[in-house]
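The structure comes first, followed by the points grouped by topic.

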Amino acid sequence: MDGHTRTTTTDPQEELAARLRLLQELSGLGVRALARDTGLSSSSLSRYLNGQTVPPWPAVVALCRLVKRDPRPLRPVWERASNPLPAPPKSTRQGRPPARNDLPRDVPDFTGREERLAAVLAAVASHRAVSVDGMAGVGKTCLAVHAAHRLAADFPDAQLYVDLHGFTEGRAPLGPDAALRMLLGALDVPSEKVPQDGLEQLAACWRSELAGRRVVVVLDNAADAEQVRPLLPGAGPSVALVTSRNRLLGLDEVPPVSLDVLSPEESARLLVRASGDPGGPEGRLARDPGSAAEVLRLCGHLPLALRLAGARLRHRPGWTVGVLAERMTQGAGEFDAAFSAALAMSVRQLNRSQARLFRLLGLLPGESFDEYVVAALADVPLHGARTMLEDLLDAHLVQQPTVGRYRLHDLVHQHARRAAVEQDAAADRERALGRVLDYYVHAAAAADAAMPFLSPGRAPSAGHRPAELPEFRDKHAAFAWFVTEYGNLMAAFETAAAVGADVHVCELPRFLRAYFARRCGTTHLNVLFERSLAAAERLDDPVQLAEAHSDLGYARYNGGRTAEAAAAYEAAGLRLSQAGDARAEAELAVRRGYLSWDAGQVEEPLELFRLAGKLYEQAGCPTGAAHAAASEAWTMLQLGHRTKAAQRAREVLNLQPTDPAWPPGLTARITLGLSIAPEDPEEAADQLRQALTLAREDGHLNNQAWCLNCMGVALRQMGRYEEALASHREAFALLDELFEEHWKIHFLNGYAETCRLAGLPEEALRLHREALELARRLGNQHAEALAQEGIRELTTGVH
């Protein structure tokens, strides 16, 4: 039987489900065994096979691979089944570009290399990968990026670039584990879907993601074959372009294309274009062919050196080519690289401030950078940093991959770093690096403040606030900044840990919570907060230590690790009793309230939320007090006190400021909608729709799933069972996309009750049993009790 035989059904979702059931028949396995062998959850797989939920494309690929069938014929029906669904709506992706493009800017003066470019494109067409090798500065990256831009239209799903730092001085090569996590993050793969242990599992996840997409990936500056092999695409159309100074002999399946220096004719053409020379007999180069030949010789016919030399001529219209050759000769021998004369000559043309900035750029952690961090690094005004960066850009000493972003070529970075060590005092370098770490903590705090999550965070105490920080007009601008700066923020965190800047290590992850919540990064956040706690222990500061325990407990709770969360909260409470910090105590009380509810407590959560409200008021934090009140209203609703819950929720909404995305408003609207659904279905539906709109506009997928599930409960209370089931299914489709199984514990019993009342007792029983199994694993006694009650009611009714 062919697993891809087209069925006669006209509904694309049912057609897809039928074809997946054929794949199951081919496998000869039951649902649990099939789920185990494909790495899917049995509950999700069951919904895929029954046509209740459209699976994510990687799940379809996994099923096809298990029975050795090509998944590509299933792609059209999967797309037809996916598009009519309301989940995930387009607005869930608001603020994210439709396709990621990380490619550096294609150089406008790309010259020659016609034969090599054709070889690269032919290798990609035949093998879907190519390795470009050659000496430093020979133009490997330029060729690979130029080819990637040529290929972009044929690979519209993403154009990715990652510097593997195989030959970056002062920095270890980027390991394949870290590179894979960066690449998966660039594809917006939720961290909970990304395997946490094992390079092979990570590589398999990467190949699975690429199997259903058309992506071009540039893997620049590779050290060796072992660094690259796990990053190569597997089955599917995606392609990879690799560059390295070494021939990657271990990659037998990847055709090599070796680059030599430019020919004399190509070198001359590039120098003409880079210098702005008109060419022909009237040009400066043509008038002094002897000196022009000497410049080409001194540049070693290397593209990078030729561009540096050409930039000098372009910005010195009074110079002759003879003057350029003379200046280059004076710098020859300063470094042993072939382009050293051109580079040294370019640096000597800088004034004192420009030269100092150039050296300091070699100290920056991370990848690309903007004018704000450069202003902090050099301790200069923003306009001064901007002007000097433009000067360095004109001199070809920095590159500008996109507007407002800059980077250093690895050879130029090496030069700058060495020059800083040789010419700047160690204390000056240490202060400059400290200003960079200060900048990233304070800039992250500013971005976090523009992305209201729960209660406003404490202002950072690490270092000094830079004179100028980016302005975030709204949360979408802040989220975009986090996406752009994520690699730099992680590099700053690692640098802070390496140099012993423990306050920075404590505080930086705290300002990433809202970002990680929208990126579903609970696993990574757990790791960061573990290291923050270790730093707080070294500091031995009571408040820092208490907040670090509380933050770790928060990360543990959101990761479904409730027992560890309880232990961390207990440790935080012991230290806060000594510190006397009302805001930190309030935040801990809110967190303990939610954990207490899950543990099956009844009155304690209410007491904790009320205590938190008082503490927030004492600390002068009205938003925190409103958040605690909204949580109090939600708990009243869960206890069955509908009238009191609705009244408290309205009190919170009456406090709402002009910002419609005010965080407590979401909880209050959901609570109010559920509280009044039986009596006032019209207002209830309106409140819940507003909550869902806010969650979608905010880009917070977990909150969207929460809103959708609660809307399902409300619609069930109104007797609108089909609409209720559709809303529940939409919520679970989002959770399946997020790969956060533990979050389902909050939704399964409500979904089951809807199924029971809608006349689907078998489905209700299955959901309650799934809830019972998950609740016991997570230690959620409240959900366990609800599941047992539901099972008892259903089984008693059967008998």
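A residue counts as buried under 20% relative accessible area, as exposed over 50% and as partly exposed in between, using a 1.4 Å probe and protein chains only. The model is predicted: local features need pLDDT of at least 70, side-chain atom pairs count only at pLDDT 80 or more, and totals for chains, interfaces and linings use all residues. Residues are numbered from 1 along each chain as its sequence is written, and side-chain values use heavy atoms, with hydrogens and water left out.

**Overall composition**

- The protein has 799 residues, and buried residues make up 59% of them.
- Its secondary structure comes to 38 helices and 8 strands; both are DSSP runs numbered from the N terminus, helices being H or I with at least four residues and strands E with at least two.
- The accessible surface is about 32500 Å², and carbon and sulfur atoms account for 52% of this area. Accessible areas come from the Shrake-Rupley method with a 1.4 Å probe, and for residues only the protein chains shown count as cover.
- A contact means heavy atoms within 4.5 Å. Among contacts between residues at least 6 apart in sequence, 68% join residues at least 24 apart.

**The sheet**

- An open sheet is formed by 6 strands in the order S1-S3-S4-S5-S2-S6, with parallel pairing. Two strands pair if DSSP finds at least two bridges between them.
- Strand S1 (100-101) and strand S6 (256-258) are the edge strands, each pairing on one side only.
- Strand S4 (residues 215-222) is joined to strand S5 (residues 239-244) by 5 bridges, and the two run parallel. Along this pairing, Val216 stands opposite Val239 in S5, while Val217 has Ala240 as its bridge partner in S5.
- Helix H7 (residues 140-151) packs on the sheet and touches strand S2 (129-133), strand S3 (158-163), S4 and S5. The direction of H7 makes about 170 degrees with that of S5; axes are lines fitted to C-alpha atoms, for helices over the stretch in contact, and angles run from 0 to 180 degrees between N-to-C directions.
- Helix H8 (residues 176-186) also packs on the sheet, touching S1, S3 and S4, and its direction makes about 155 degrees with that of S3.
- S3 and S4 run parallel and are joined by 6 bridges; Tyr161 stands opposite Val218 in S4.
- In S4, 8 of the 8 residues are buried, so this strand is largely enclosed by the rest of the structure.

**Asp163**

- Asp163 is placed in strand S3 and is buried, with a relative accessible area of 5%.
- Not counting residues up to four places away in sequence, Asp163 touches Leu174, Asp220, Asn221, Glu367 and Arg407.
- The side chains of Asp163 and Arg407 are joined by a polar contact of 3.4 Å. A polar contact is a pair of N or O atoms within 3.5 Å; within protein, one must be able to donate a hydrogen and the other to accept it, and residues adjacent in sequence count only if both atoms are side-chain atoms.
- The Asp163 side chain also reaches the backbone nitrogen of His165, at 2.9 Å.

**Salt bridges**

- Side chains of opposite charge can pair when their charged atoms come close. A salt bridge is taken as a side-chain nitrogen of Lys or Arg within 4 Å of a carboxyl oxygen of Asp or Glu, and by this rule the count comes to 37.
- Arg359 and Asp424 form a salt bridge whose closest N and O atoms are 2.9 Å apart. Arg359 lies in helix H17 (residues 352-361) and Asp424 in the loop between helix H20 (410-423) and helix H21 (426-449), so the pair ties together parts that are 65 residues apart in sequence. Both Arg359 and Asp424 are buried.
- Arg720 forms a salt bridge with Glu723, with the closest N and O atoms 2.9 Å apart. Arg720 is partly exposed at 33% relative accessible area, and Glu723 is partly exposed at 40%.
- Glu793 forms a salt bridge with Arg756, with the closest N and O atoms 3.4 Å apart. Glu793 lies in helix H38 (residues 781-798) and Arg756 in helix H36 (residues 748-757), so the pair ties together parts that are 37 residues apart in sequence. Glu793 is partly exposed at 41% relative accessibility, as is Arg756 at 27%.
- A network of salt bridges links Arg510, Arg513, Glu547, Asp551, Glu587 and Arg591.
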